[in-house]
Amino acid sequence: MNRISAFSLAAVGLLLAAAYALGAPPVSRSDEAAIRAQTARWEKAYNGGDAQAVAAEYAEDALLLPPGGKGVKGKAGILAYFTKDIADARAGGVVLVLDPATDVGVSGSTGWESGTFKVTVNGAVVDTGKFLSVSRKKNGTWTYIRDTWNSDTPPAPAPK
């Protein structure tokens, strides 16, 4: 009897381990491609100086979490943020380059992408960092609902 109980427990354990290893269903190639395309559109619009096109990638209820500042809620606030940010970047000769080797995941109508970026000025790298974007699929379209990034460079010390 103990052998049967031990065998049963081992079998259940193996089934649970297999279920855990399988995890969530794999990301569909079309969803992965759509999320990557969203990021490519964002990068092209940002570097092209098109704040309207950048903001169009965000849902109405999105939350932008920029480094060193308060969160920005809603598409109108996000548009205002990027209008200023892009103007400052263009005035300084800044180009943002996203590494295309990102991690993408999807669960139902929620998707995410994480990766790295570099910031260049006149072709010279002046900063590197990482980002995490969370998107929602609604009516067949992916839009950002949360977006954050930060620099690999430590922040400057606070003034004394």
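In the protein, residues 24 or more positions apart account for 51% of the contacts that have a separation of 6 or more. The model described here is a predicted one, and 29% of the 160 residues of the protein count as buried. Its secondary structure comes to four helices and seven strands, and from the N terminus on these elements follow the order α-α-α-β-β-α-β-β-β-β-β.

After α2 comes Gly-49, which has a positive phi, near 80°.

Helix α4, formed by residues 74-91, has 18 residues and reaches 26 Å from its first C-alpha to its last, close to the 26 Å expected at 1.5 Å a residue. Its buried residues are Gly-74, Ile-78, Phe-82, Ile-86 and Ala-89. Seen down the axis of α4, these buried residues fall within an arc of 105°, so they line one face of the helix. On the other side of α4, by contrast, Ala-76, Lys-84 and Ala-91 are exposed. The cover over the buried residues of α4 is provided by both helices and strands, and includes α2 (29-47) and α3 (51-55) as well as β1 (58-65), β2 (72-73), β3 (94-98) and β7 (141-151). Just after α4, Gly-93 takes a positive phi of about 70°.

The open space in the model was considered next. Rolling a probe the size of a water molecule over the atoms shows where empty space is left. The largest pocket holds about 560 Å³ of space, and of the 26 residues that line this pocket, Pro-67, Leu-96, Phe-117, Val-119 and Trp-149 are the closest to its centre. At least two residues of the lining are supplied by each of α2, α4, β3, β5 (110-121), β6 (124-138) and β7, with the largest share, six residues, coming from β7. When sorted by class, the lining of the largest pocket has 15 nonpolar, seven polar and four charged residues.

Backbone angles in two of the loops between strands were also examined. Most residues other than glycine have a negative phi, and most peptide bonds are trans. Asn-122, which lies in the loop between β5 and β6, has a phi near 50°, a positive value in a residue other than glycine. Asn-122 is exposed, with a relative accessible area of 74%. In the loop between β6 and β7 is found Asn-139, which has a positive phi of about 55° although it is not a glycine. Asn-139 is likewise exposed, with a relative accessible area of 78%.

Terms used. Residues are numbered from 1 along each chain as its sequence is written. This is a predicted model: local features need pLDDT of at least 70, side-chain atom pairs count only at pLDDT 80 or more; totals for chains, interfaces and linings use all residues. Side-chain values use heavy atoms; hydrogens and water are left out. The expected span of a helix is 1.5 Å times one less than its number of residues. Buried means under 20% relative accessible area, exposed over 50%, partly exposed in between (1.4 Å probe, protein chains only). The arc is that of the directions from the helix axis to the C-beta atoms. Contact means heavy atoms within 4.5 Å. On a 1 Å grid over the protein atoms alone, a cavity is a set of points where a 1.4 Å probe fits but cannot get out, and a pocket is an open set with protein on both sides within 12 Å along at least five of seven lines; lining residues have an atom within 4 Å of a point. Grid points are joined across faces, edges and corners, and a volume is the space filled by probe spheres set on the points. Ala, Val, Leu, Ile, Met, Phe, Trp, Tyr, Cys and Pro count as nonpolar, Asp, Glu, Lys and Arg as charged, and the others, Gly among them, as polar.
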